Amino acid sequence: MANLIAAERISLALGTSQLLDEVSLGVGTGDRIGIVGRNGGGKTTLLSVLAGNQSVDTGRLTRTGGLAVGLL
C-alpha cells in the first residue's frame, strides 16, 4: 500500500524550541492515527506540516497529488 503522506526525517524549530526532530512517518489509505503528547510538544505543528500548512526546516514531505487534508 502506498502512502498518501510520507514524512522523512523532518525537523522544525520555532524560535529556540525544537518542536520536530527528525520525525519519519507514513499515512496510507484507510489509516487512522492518533497523536499523543504533552502540551507544547508539537502535536498541532506536526498536523499543520502534514496538512501542508507549515513548512519544515529539514527533511522531506511528500503528499499524493490532489490530496485534501482537513483539520478539526
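R9 sits in strand β1, which covers residues 3–14; strands here are DSSP runs of E with at least two residues, helices are runs of H or I with at least four residues, and both are numbered from the N terminus. This is a predicted model, in which local features need pLDDT of at least 70 and side-chain atom pairs count only at pLDDT 80 or more, while totals for chains, interfaces and linings use all residues. Residues are numbered from 1 along each chain as its sequence is written, and side-chain values use heavy atoms, with hydrogens and water left out.

**Confidence**

- The mean pLDDT of the protein is 91, and 99% of its residues reach 70 or more; pLDDT is the predictor's confidence in each residue, on a scale from 0 to 100.
- Confidence is lowest in α1, with a mean of 92, and highest in β3, at 95.

**The sheet**

- Three strands form an open sheet in the order β2-β1-β3, and the pairing is antiparallel; two strands pair if DSSP finds at least two bridges between them.
- At the edges are β2 and β3 (58–63), each of which pairs on one side only.
- From one strand to the next, the twist averages 15°; for such angles, axes are lines fitted to C-alpha atoms (for helices over the stretch in contact), and values run from 0 to 180 degrees between N-to-C directions.
- Eight bridges join β1 to β2.
- Among the residues bridged to β2, N3 has G28 as its partner, and A13 has Q18.
- β1 and β2 make a hairpin with two residues between them, and G15 in the turn has a positive phi of about 65°.
- On the β3 side, β1 pairs in the antiparallel sense over five bridges, and the β3 partner of E8 is R60.

**Backbone angles to look at**

- Most residues other than glycine have a negative phi.
- R9 is not a glycine, yet its phi is positive at about 50°.
- R9 counts as exposed because its relative accessibility is 52%; the cut-offs are over 50% relative accessible area for exposed, under 20% for buried, and in between for partly exposed, using a 1.4 Å probe and protein chains only.
- E22, in strand β2 (residues 17–28), also is not a glycine and has a positive phi of about 55°.
- The relative accessible area of E22 is 44%, so E22 is partly exposed.
- Just after α1, G52 takes a positive phi of about 85°.

**The nonpolar core**

- Nine residues make up the largest nonpolar core: I5, A7, I10, L12, L20, V27, L46, V49 and L50. A core of this kind is a set of buried Ala, Val, Leu, Ile, Met, Phe, Trp, Tyr and Cys residues joined through side-chain atoms within 4.5 Å.
- β1, β2 and α1 (43–51) each supply at least two residues of this core, and β1 gives the largest share, with four residues.
- In soluble globular proteins, nonpolar side chains tend to be buried together.
- Leaving aside residues up to four places away in sequence, I10 touches L20, D21, E22, V23, L46, V49, V56, T58, G59 and R60; a contact means heavy atoms within 4.5 Å.

**S11 in β1**

- S11 also belongs to strand β1, and S11 is buried because its relative accessible area is 8%.
- The side chain of S11 reaches the backbone nitrogen of E22 at 2.9 Å.
- Not counting residues up to four places away in sequence, the contacts of S11 include Q18, L20, D21 and E22, as well as V56, D57 and T58.

- Buried residues in α1 are T45, L46, S48, V49, L50 and A51.
- What covers the buried residues of α1 includes β1, β2 and β3.
- Where does G34 lie? It is found in the loop between β2 and α1.
- G34 counts as exposed because its relative accessibility is 66%.
- G34 and T45 are 11 residues apart along the chain, and their C-alpha atoms are separated by 14 Å.

Notes:
A polar contact is a pair of N or O atoms within 3.5 Å; within protein, one must be able to donate a hydrogen and the other to accept it, and residues adjacent in sequence count only if both atoms are side-chain atoms.
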